[in-house]
Amino acid sequence: MTSSFSTAVGHSMPLLSLALSNMSTEKDACTLEEARSYRQLLHSVGPEQFFRDTVGNATISPRKLLTAFGIRAPLFLDDGPDDVDAYYGLLRLAFQRELSKRMKLPQYNSIDDAVQLLKSSQNIIVLTGAGISTSLGIPDFRSKDVGLYAKLEHLGLADPQDVFDINLFREDPSIFYSIARDILPSTDRFSPTHAFIQLLQKKGKLLTNYTQNIDNIEAKAGILPEKLIQCHGSFVTASCIKCGAQVPGEAIFPELKAGNIPRCNRCIEIIKAGQASTGMKRKRSKNGVEKKRQRRFEGSSSSSSDEDDDIPEPGVMKPDITFFGEALPDTFSERLTSHDKDLVDLVIVIGTSLKVAPVSEVVPYLPAHIPQVYISRTPVSHVEFDVDMLGDCDVVVAELCRRAGWDLQHEMIPQDQKVIVETHEALQSRHFFKEHKDE
């Protein structure tokens, strides 16, 4: 049986282009080509000259120019005069928003361009997300219905992401530990995409792999520590939130798998030593609940019973993954700003929607003239990459390697796999792909 996949390849179509495709049939709206031309002109001459060359010289109306930037003028302006002053605020906003974006490099458009970039580049940054591990059965976070966040409604949180909020963890760690087993790495396998990154390293082309994943599979695939930045930490180690003691992550796995809250052994030893030196005895049972009930039943209010509740509890162990509200490791910013920014010659983003800051700011932070390639199932609208390759990550990287003449060996890549590439133009600006099998 031969698997046949269809993968959309081409430059990204940002949200404003989607809006323009709907506006293009309206009277007094820019076409996609006109919009692209105006946006390029703005970037090349700056806002003041651009304003003079367009609405200032009456070569285009302000209402129509707004559509080039994906903005539809408010309805209350439709019946009014096409006066520049009425549109000035909206135009200024449109210019500022556009100038904050990186422009697509026009010379890179196809899968063959991406292949040539792979072959010629020597310092490649690879930024990865949960999409590179889903083929191993590890769920991502945001996919509709099947992502981890979609499965957390039973927790009753205002936002499913709160399960990774550090303040909530300190207040009630049981919420995180009720789902921790579901995200605990349970395999030593790695995907073809992990193997692709390792192949870049083997060829001396990998500058840095920035990963948002906490499963540590990049390390299992052989990515060297000096080439790997685990932006959101991992389960490799765990630390006490009270005393800071750090242990191998595997030390807390039994409690974690059981859904229990792991406690710090160092704190326990300190408490025991303190009790032994003072002759204190810990009278209350687990969590003090039964002891409190007993005191209420007996009507006791003795100071000795109150003192029992003052006996310190051991700290909670927390996997060294970066929660919301915690700073990213110093190595993240140091590597990016002091090392990679001046060396990188190609950026490849794989399997991430780039929605979580500050990792989402890596791509726009890097020099705008450096080529950028995106590989994922679905496009992003807030970043304009040079080449978008939309499909299963494992399929796309296997096809890239085949076209480059590289031998990407992996048990999950069928020997007779065929890949059908449909371009951006063939799909009429759509970013969809289909998978089908020939029996």
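Phenylalanine 323 is buried, with 2% relative accessible area; buried means under 20%, exposed over 50% and partly exposed in between (1.4 Å probe, protein chains only). This is a predicted model, in which local features need pLDDT of at least 70 and side-chain atom pairs count only at pLDDT 80 or more, while totals for chains, interfaces and linings use all residues. Residues are numbered from 1 along each chain as its sequence is written, and side-chain values use heavy atoms, with hydrogens and water left out.

**Aromatic pairs**

- The whole structure holds 14 aromatic pairs (centres of Phe, Tyr or six-membered Trp rings within 6.5 Å; planes under 30 degrees apart are stacked, over 60 edge-to-face, the rest tilted).
- Phenylalanine 164 and phenylalanine 323 pair edge-to-face, at 5.8 Å centre to centre and 75 degrees between the planes.
- Phenylalanine 164 lies in the loop between strand E2 (124–128) and helix H7 (166–171), and phenylalanine 323 in the loop between strand E7 (317–321) and helix H16 (330–340), so the pair ties together parts 159 residues apart in sequence (helices, H or I of at least four residues, and strands, E of at least two, are DSSP runs numbered from the N terminus).
- Phenylalanine 164 is buried at 7% relative accessibility.
- Phenylalanine 176 and tyrosine 177 form an edge-to-face pair, with 5.1 Å between centres and 75 degrees between planes; both residues are buried.
- Ring pairs join Phe164, Phe169, Phe176, Tyr177 and Phe323 into a cluster.

**Helix H6**

- Buried residues in helix H6 (residues 111–120) are Ile111, Ala114, Val115, Leu117 and Leu118.
- Seen down the axis of H6, its buried residues fall within an arc of 160 degrees, so they line one face of the helix; the arc is taken from the directions from the helix axis to the C-beta atoms.
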